[in-house]
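Subject: A structure for you to look through

Hello,

Here is the structure I promised to pass on. Please open it beside this email and follow along as you read.

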Amino acid sequence: INGNPQYIANPGGTLHYEIFFKNIGEESFNNLFLVAKLEGKAFNFETIKAPLGEFEAGDNSIIFDWRRVADLQFLDSQKEGKVEFWIELKKDWGITNSQDFNPVIRNKVYLSQARQEFINKVNSQIEVIQKGYYLDEVFGNSGPIPPEVGKTTTYTIIWQAKNYYNNVKNTRVKANLGKGVSLTGKIFPEGTRLTFDSQSREVVWELENLDA
């Protein structure tokens, strides 16, 4: 997939599948069919592009026919052939039960007596949402609204991190504060690992483990 046998896919990404096959026997093969059956909720089957194959929506398989693929029409001893297709992954495919966590995509390939299953992982989808408030019940803020030069106005900033599919570790949220902006030191909930580098102006929130 995309030039890598162990490719880890991203939600919403485009996948270029290349299936290589070789005749390791002494006799040649004629008039072959190759079937690639795709399994996984992440696949967007409406985006399949297989110029030399036919997609069967019933079982989500692509059939490559010897009439359209020369390497399947005649495959001599020790010769290698290839078929290819493209498909996109959905950006969001929903979670209905625990089996939807740590998703994978599968491609089961059938060619004459040969059977092979290829399994690839799918990256998690993580997003960060930020909201800012002046009227806040937790800390309470002060200062003129709108802000005035030479006077301090405080705000409450809320960060929310969402992780959809995979359990992830060593997660960090980073932001850079502009000049004239500083932290008050008030953090909720207590114990949150939030640090500020006065030189780089970088705020770092360490989440460690963020489960799906």
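Below are some notes on what I found, grouped by region.

First, some background. This is a predicted model, in which local features need pLDDT of at least 70 and side-chain atom pairs count only at pLDDT 80 or more, while totals for chains, interfaces and linings use all residues. Residues are numbered from 1 along each chain as its sequence is written, and side-chain values use heavy atoms, with hydrogens and water left out.

**The nonpolar cores**

Let's start inside. A nonpolar core is a set of buried Ala, Val, Leu, Ile, Met, Phe, Trp, Tyr and Cys residues joined through side-chain atoms within 4.5 Å. Buried means under 20% relative accessible area, exposed means over 50%, and partly exposed is in between (1.4 Å probe, protein chains only). The largest core has 30 residues, and those touching the most other members are Leu 15, Leu 34, Leu 72, Phe 85 and Ile 105. At least two residues of this core come from each of the strands S1 (14–22), S3 (33–39), S4 (43–49), S6 (61–65), S8 (80–89) and S9 (104–111). Strands here are DSSP runs (E, at least two residues), numbered from the N terminus. Another core lies apart from this one and has five residues, including Val 168, Val 173, Trp 205 and Leu 207. As a general rule, in soluble globular proteins nonpolar side chains tend to be buried together.

Contact means heavy atoms within 4.5 Å.

**Two asparagines side by side in the numbering**

Asn 166 and Asn 167 both sit in the loop between S12 (156–163) and S13 (168–176). Is each one buried or partly exposed? Asn 166 counts as buried because its relative accessibility is 12%, whereas Asn 167 is partly exposed because its relative accessible area is 47%. The side chain of Asn 166 reaches the backbone oxygen of Val 122 at 2.7 Å. For Asn 167, a polar atom of the side chain lies 2.8 Å from the backbone nitrogen of Ala 212. Although Asn 167 and Phe 101 are 66 residues apart in sequence, their C-alpha atoms are 8.1 Å apart in space.

**The loop between S11 and S12**

Thr 154 is in the loop between S11 (126–133) and S12. Thr 154 is buried, because its relative accessible area is 17%.

**A residue in S5**

Which strand holds Glu 56? Glu 56 is in S5, residues 53–56, and is partly exposed because its relative accessible area is 38%. Beyond its neighbours up to four places away in sequence, Glu 56 touches Ser 61 and Ile 63.

Enjoy exploring!

Terms used:
Helices (H or I, at least four residues) and strands (E, at least two) are DSSP runs, numbered from the N terminus. A polar contact is a pair of N or O atoms within 3.5 Å; within protein, one must be able to donate a hydrogen and the other to accept it, and residues adjacent in sequence count only if both atoms are side-chain atoms.
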